[in-house]
Amino acid sequence: MTRICQGLELLVIKILLWSFLFLVTLYLNGYGQEKDARMNILLIISEDNSANLGCYGDPYAITPNLDKLASQGVRFDNAYVTQSVCSPSRSSIFTGLYPHQNGQIGLATHQYAMFRDWGTSYKYLKSAGYSTGLIGKTHVNPKEYVEDHVDMRYQEKSNFGKEGLESYWKEAGKFIKEAGAPFFLTVNFPDAHWPLQDQVEGMPANPQSIDEVGTLPFVSVESPDIMKSLKGYYNSMQRLDECVGALLSELESSGKAENTVVIYMSDHGAQMARGKITPLEGGMKIPLIVRWPGVTKANTSTDALWSAIDLLPTLLDISGQQKPGYLPGQSVKPLLEKKVSASDYREHLFTQRNCDGVIFYFPQRTVRDNRYKLIWSPIQDRANNAAELYLEKRHAHYYGSPTREELVDESEEIQQAYKVWEFPPIYQLYDLKADPWEFKNLADDVDFQDIRDRLIHTLRIWQVEFNDPMADPIFLKELTKEHDLLAKSGERSTPGGWKYLDYLHPDKREAISVETFKKHNADHFTGIVYSTICKIGETPIINADDSRYRGIREPNAVITEKGTLVVVFGPHDQDARNDRAHQDLICRTSNDQGKTWNDAQVIMDRGMESLLPTTLIYDKLESRLVLLVNQIFNAPERNDPLGLKEPNKHYVLFSEDEGLTWSEPQPILENEPGICVFGGGHGIQLQQGPAPGRLLVPGGIGPNGAKPGVFFSDDHGKSWQFRAVREEGNTEATGCELEDGKVLFSWREQKNQFGVRTCKSYAGGLSIDQRTMALPDVWAGCNNSLLSVTVNGKPAVLYVGPLGPQNADKYSLEPQADQLKRGAQDSYQTERSNGGAFISFDHGKTWSGKCIAPGWIFGYNTAVQFPDGDIGIIFEGIPSGTPQLKNDGWDKKQLGIYLAKLNPQLLLNRSQ
């Protein structure tokens, strides 16, 4: 009996032990744990090939495997690298930054390098728990920035001989099958880099002959050398396709294909004439195919503008990580999910050429939209030496180009295109719809000047926004000098390392200042430019010897259909005793967006009385200006600054000639004896809704916000009525008509609340939705502006107002702590400093913006949108650095009226 019990005890112990071991095994194999559902990522990168695939319509390409991949996912028809040579391009693929940002502006074999460890795709995905693998060359310096975060590394050499390609997909298959966590694997195939071999180790199985291939469209020449090179090129593409097919078979056999995002791209275009080492389409435009199970739809394509800077944000999106704010690109997932359209995904795409190598030095920049492309070549004292190398065939690498002699028999258009390639003018412009391979430069065609200037304008903004050192002639000169000295010595790099890594280092040099950039790019700078409309003692007000006026306040402004900028403002007489006394009414106009101004016109002069507040309206139906004026009776001996002891008067004036002359004032609102606070800024003429043509002015009848409401006229300003629409609040207000016909109003809240409240009108402006929306409380108390604008082709609303010193750092373009937080001696400076501009695309629910006047005293303002899309902000202010105002409550002797020109895209790019 004892032995039986002992046997049972031993059996129970064995069962428990086996159960424990079984559970441990289950745990170690992941059972009972939450499975990581994140997608695997297979990135396939080929070398030196344009979109010469069957799926892109190339009649000579034999690429069934890549064509099949495209049929299973999305083909990108407008995909671009950032620079058309290996190392710079791959630096963007790894870091998500443009080469000028990360520092890898040339080939790693020529010792160009990144400024610092920015964080690469491998670093991010390794830290997120991904198993990481890398097959093929890295080709950036220092390579440790990438390879320190790689679990499986195979074939570090470039392998331009294309030997042992079978091991690429075999090693990849092994890694894929053994990866326990989600994996990120990049496989770099060496085709179609030179030399262009017809067949290596039996690949491709059936090489093509010269008779079976044709020239590339951007080459457009069929010399014997070119055709021989093209035969090797298309056979290299066949070999690449066979390698990709074998790799995808390994993925299928692993059982992980349904949970793997496959991305195929090349690192830049083919090394043929007008291809690699150029900013032309043949060098920059690449094939891109994405198969993302559960996201992409089979056999689809997109014409969205995609850049290699978008790859890292996409990888972070796949791996469930948030994109760092410093990355300029964007994830492609919303585009693939149809949450954004191709046109909304990106409006402008930028590429660049930097150094490549010492013998290739010729910096260039490009910008394109959905149709047109601009190329900027800042160096004009030499030929494009890369083009010379091709045309002179100094090495076998350049045999895919015609010689100058071979071009003689070609068409005039082809000859001219090759001449422009060798001797690029400062600007080139191409219509990519009519001329997809850039054979006809339109930069000097008078019919395309507006398009050219618009793209120059856009490029300049991008250069300032992304701190492009080539925008500053000082840096360009220094980089050119360093390369020229090396070219003479025959060295590949500066002994001891490239000096540019120091003087172009973004952490060591200041960002390109607006003033520096404006000085050297005066014709096309469109960032933020301040010009004086009227300041104390400016000659055109009255005459050169007249010192009649002191502080100038409360501008109103509109743009007419002819593009005339009309500004009305009120200066104080020198003997003014308070803030609402001795204010005349003056008008100035400009026909060139504020560069020059017509003589000032004194519209009204009422002696000691005040002619503010006023509002200006442009009646589009009558093509005339309408001006509402409030006259405050203000006798100093009565100590009555608000004119409460004597009825006020209200007038309307008209101008039929763009503000050059004005009618006599005509009385209106004679039954309203109080102060009529017209706006100020500018009124609205409704275009839609129940009352098209109505002139509408938000404001109120005071004092102290007694009756906030709207003034309106349905007979083009001849007669006016008032309707109260709010129970309480300040009477200073502004508004704009939305694209749906509703009106958005903003009212300045009562003093010391320092806020702005917006509300909508649904009845031609005569009633409001009481469910008002408060803008963020960062905006200080002062009259503000609202304007309906168009940004990137989309309707939007612009808000402009002061930030106050406490909020300037949050929204500043360029933090200037001493100026932004300058001490305020009175309430004017406390409430009214550091102007801010903000844009909303959802009728005022959310806003994006920045400080436009850091350090300035910034008060009453109004805004207009010029025909070219730029925004003009006209405000009363004092520049930063000006001595502070005296603390006497109203003495604003230094106040002037200024114009700030702002490009809305720059504002959006700099938004937090």
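Reply: Aspartate 369 is buried, at 6% relative accessibility, where buried means under 20% relative accessible area, exposed over 50% and partly exposed in between (1.4 Å probe, protein chains only). This is a predicted model, in which local features need pLDDT of at least 70 and side-chain atom pairs count only at pLDDT 80 or more, while totals for chains, interfaces and linings use all residues. Residues are numbered from 1 along each chain as its sequence is written, and side-chain values use heavy atoms, with hydrogens and water left out.

The partner of aspartate 369 is arginine 454, and the closest N and O atoms of this salt bridge are 3.1 Å apart (a side-chain nitrogen of Lys or Arg within 4 Å of a carboxyl oxygen of Asp or Glu). Aspartate 369 sits in the loop between β11 (364-368) and β12 (372-376), and arginine 454, 85 residues away, in helix α16 (residues 449-465). Helices (H or I, at least four residues) and strands (E, at least two) are DSSP runs, numbered from the N terminus. Arginine 454 is partly exposed, at 34% relative accessibility.

A search of the whole structure finds 35 salt bridges. Another one joins lysine 177 and glutamate 250, with 3.8 Å between the closest N and O atoms. Lysine 177 belongs to helix α7 (residues 165-178) and glutamate 250 to helix α8 (residues 224-254), so this pair ties together parts that are 73 residues apart in sequence. Lysine 177 is partly exposed at 46%, whereas glutamate 250 is buried at 12% relative accessibility.
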